[in-house]
Amino acid sequence: SYWLNVPVALGLVLAPTVGSFDAGWTAYPPFSTLNNHGQTLFVVSVITFGLSSIFGGLNILVTVATMRAPGMTWGRLPIFVWGAVSASILSLTVTQFFAGALVLVEMDRIAGTTFFNAAGGGDPLLYQHLFWFYSHPAVYVMVLPSFGLSLEIISHMSRKPLFAYKGAVVGMLSIVGLSVIVWAHHMFTSGMANYFHAPFMFLTESISVPTGLIFLSALGTLWRGRLRLEPPLIFAFIWLFQFLMGGVTGIFLADVATDVNLQDTYFVVAHFHYTIMGGVVFGFLAGIHFWFPKFTGRMYNKKLANIFAIWIGVAFQTTFIPMFWLGTNGMNRRIADYTENLETVNLFVSISAFVLGAGFLLFVVNMVYGAIKGPKVVANPWNATTLEWQLSSPPP
């Protein structure tokens, strides 16, 4: 799984030498079947990357199924492990649909087939169905580990067992199941038959139920907990707000009537960043600040970490909340300019984005300095209860 990424990187770096791959990250046909030869290397690279993802998912599932510690039953797994298991199920079972779609693109490019050429009896929309059948669950491949990671940190930092543990697990596995039957909400404006709109709208909005279980688990754990207001918990608080914003604004895009108006606008850009950057990156930052002393045996500067958390937490809001306004006022994605009445808000967003990016310099400095010069810590500085904290830091 790991070494397959090397030819992926080489293929993408070499692709511009034989022509651009300018069909966008989605590689929609017919453009991706007609453009320069760089697209051929792009397609092969992404297929290989998909193979890496499949092996990675299989590896984690087999590891959790066969190599748990004695007494570690499925009902005792840390919730972070359940997040990784849920994501791995999706990596293993749906990645090949995207890879299969790209194989068909490659055959149209070099073998003369017409899978996506309407003149030859093909259908370009077929690619969109295959692409989004994978690419919507791919969102949850990124988000589900973040769910588990943040819930685990909230539990340790609240000094309470996770509230509704079984409900959170059921929520994660339900998201896995529902995520593969909602793909066509990406195609409400693609020319899909109208009678598909209502069922896909209903299925998409139904994901808010298991997601709600996970949020209730987080809130129930925090309720009347003895909170340790350390950097990992502050990042987990921000994660909770960010993904809530992503979930609430996603309801607008799941509804056909509003999606037709908001599709391909900056409202979608804002929603996606709250869901993915807010839901994944802030969970990742919570995890890094939580497990850093376990990795290194040293502690970062907590005051700098708190400043960094508040800095990027505020800058994130000032960057992306205005994008909801821009989208509802007609600013489209993927364009190089905009009307004059949107200029002031775009300038504000750009400045906020630079401030947001600059905050990560503080993060890098704090992590590097902490790993080299930070004060040494005891084996379990958070008084956490999972097995890895019962060993010395760093582990032998």
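## Overall size

The protein chain has 396 residues, and a compact globule of that length would have a radius of gyration near 21 Å; the chain has 22 Å, which agrees. This radius is taken over C-alpha atoms, and the globule rule is 2.2 Å times the number of residues to the power 0.38. Along the principal axes, the C-alpha atoms fill a box of roughly 70 × 55 × 45 Å.

This is a predicted model: local features need pLDDT of at least 70, side-chain atom pairs count only at pLDDT 80 or more, and totals for chains, interfaces and linings use all residues. Residues are numbered from 1 along each chain as its sequence is written, and side-chain values use heavy atoms, with hydrogens and water left out.

## Helices and burial

The protein chain holds 14 helices and 0 strands. Helices (H or I, at least four residues) and strands (E, at least two) are DSSP runs, numbered from the N terminus.

Buried residues make up 49% of the chain. Buried means under 20% relative accessible area (1.4 Å probe, protein chains only).

## How α4 packs on α6

Helix α4 spans residues 79-110 and helix α6 spans residues 165-179. They pack at about 15 degrees, with axes 10 Å apart. Axes are lines fitted to C-alpha atoms over the stretch in contact, and angles run from 0 to 180 degrees between N-to-C directions. The two helices are therefore roughly parallel, a term for angles under 35 degrees.

In α4, the residues meeting α6 include Trp82 and Leu90. Among their partners in α6 are Met172 and Val176. Contact means heavy atoms within 4.5 Å.

Definitions and conventions:
Angles under 35 degrees count as roughly parallel, over 145 as roughly antiparallel, 65 to 115 as roughly perpendicular and the rest as oblique. Buried means under 20% relative accessible area, exposed over 50%, partly exposed in between (1.4 Å probe, protein chains only).
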